[in-house]
Protein chains: 2
Amino acid sequence: MTLDFAKSDGLVTAVIQDAATNRVLMVGYMNEEAFRRTVETGFATFWSRSRKKLWLKGESSGHRLVVKEISTDCDQDAVLVKVESQGPGVCHEGYQSCFFRTLAEGEWRVTDKQTYDPSQVYQS
Amino acid sequence: MTLDFAKSDGLVTAVIQDAATNRVLMVGYMNEEAFRRTVETGFATFWSRSRKKLWLKGESSGHRLVVKEISTDCDQDAVLVKVESQGPGVCHEGYQSCFFRTLAEGEWRVTDKQTYDPSQVYQS
């Protein structure tokens, strides 16, 4: 299960893809412990670069990502994780996918509809 | 077209997805110049972290990636680039996708077939 964590300061890039639709849902980063927990628990777990801590996706929202398949790339510094998403969306802004803005005529435009109200899910 | 290049030392993560099949083909990294060239030329261009130079994908192999759509994620430190691949594969090891190894019982196993012979494409 060796991955190249050295190339990016202890992290590999993790692309999260919906196993049913093949939509790319988000990009996160995993250190060795996050990757081990992802494999062992079957729920996608990341290293939060901003909060500098392990982050079980869905720990606040309940929208966990159930791992269906994990691939790695030729130089083994990235993983592709196919998941079944528990909940209406992975993005904390209320969208199914974090990639809800598309480039058109030099501007990023929101090209997706919210699937849930984040204020109802992430309560302070 | 603002992206957050500051979070990862001047780079954003670029996920390359086949526009027709939605297969994830590779993960690369773009600095501001690579991103600008990708948008302006319509061919995916990366910053090679190992060679420390701009890298027009396909400059050696001829297997360029024609940009069909570019999305960005909520915190704008990653882009998702849907492409049409010119050629049989994006991976320099001869596969359609760089993600040709899948985790099974704790081991990475090659679960894809080569689509071309890299020794015929990358000549020294």
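Which residues is B:Phe99 in contact with, leaving aside its neighbours within four places in sequence? Contact here means heavy atoms within 4.5 Å. From chain A the list has A:Ser71, A:Thr72, A:Asp73, A:Ala78, A:Val79 and A:Leu80. From chain B it has B:Arg23, B:Val24, B:Leu25, B:Met26 and B:Val27.

Before I go on, the ground rules. This is a predicted model, where local features need pLDDT of at least 70, side-chain atom pairs count only at pLDDT 80 or more, and totals for chains, interfaces and linings use all residues. Residues are numbered from 1 along each chain as its sequence is written, chains are lettered from A and ligands numbered from 1 in the order in which they are written, and side-chain values use heavy atoms, with hydrogens and water left out.

Back to B:Phe99. It lies in the loop between β6 and β7 (101-104) of chain B. Helices and strands are DSSP runs numbered from the N terminus: H or I with at least four residues for helices, E with at least two for strands. B:Phe99 counts as buried, because its relative accessibility is 4%. The classes are buried under 20% relative accessible area, exposed over 50%, and partly exposed in between, with a 1.4 Å probe and protein chains only. From B:Phe99 to B:Val12 is 87 residues in sequence and 20 Å in space, C-alpha to C-alpha.

Now the sheet. It is open, has 6 strands, and draws on both chains: β8(A)-β7(A)-β5(B)-β6(B)-β1(B)-β2(B), with mixed pairing. Two strands pair if DSSP finds at least two bridges between them. Which strands stand at the edges? β8 (107-110) of chain A and β2 (24-30) of chain B do; each has a single partner strand, so one side of each is left without a neighbour in the sheet. On average, neighbouring strands are turned by 35 degrees against each other, direction ignored. Those axes are lines fitted to C-alpha atoms.

Walk through the chain B part. β1 (residues 12-18) runs antiparallel to β2(B), with 6 bridges. There, B:Val15 stands opposite B:Val27. β1(B) also joins β6 (residues 78-85) through 6 bridges, this time parallel. B:Gln17 faces B:Lys82 in that pair. β5 (residues 65-72) and β6(B) are antiparallel, with 7 bridges. B:Thr72 has B:Val79 as its bridge partner. The hairpin of β5(B) and β6(B) has 5 residues between the strands, and B:Gln76 takes a positive phi near 55 degrees in it.

Phi of A:Gln76 is near 55 degrees, and A:Gln76 sits in the loop between β5 (65-72) and β6 (78-85) of chain A. A:Gln76 counts as buried, at 19% relative accessibility.

Next, the cores. A nonpolar core is a set of buried Ala, Val, Leu, Ile, Met, Phe, Trp, Tyr and Cys residues joined through side-chain atoms within 4.5 Å. The largest has 26 residues, and B:Met30, B:Phe35 and B:Val79 touch the most other members. β1, β2, α1 (32-41), β5 and β6 of chain B each give two or more residues to it. Apart from it lies another core of 25 residues, among them A:Val12, A:Leu25, A:Phe35 and A:Val79.

On to the interface. Each chain is in the contact: 39 residues from chain A and 39 residues from chain B. The buried area is about 3,100 Å², with 62% from carbon and sulfur atoms. That is accessible area (1.4 Å probe) lost when the two parts are put together, summed over both. In chain A, A:Cys74, A:Phe99 and A:Trp108 lose the most, together 22% of what that side buries.

Last, charges. A salt bridge is a side-chain nitrogen of Lys or Arg within 4 Å of a carboxyl oxygen of Asp or Glu. B:Asp77 pairs with A:Arg49, closest N and O atoms 3.0 Å apart.

Within chain A, A:Arg36 forms salt bridges with A:Glu33 at 3.0 Å and with A:Glu40 at 2.7 Å. A:Arg36 and A:Glu33 are 3 residues apart in helix α1, so about one helical turn separates them. A:Glu40 is exposed at 57%, while A:Arg36 is partly exposed at 35%.

Definitions and conventions
Axes are lines fitted to C-alpha atoms, for helices over the stretch in contact, and angles run from 0 to 180 degrees between N-to-C directions.
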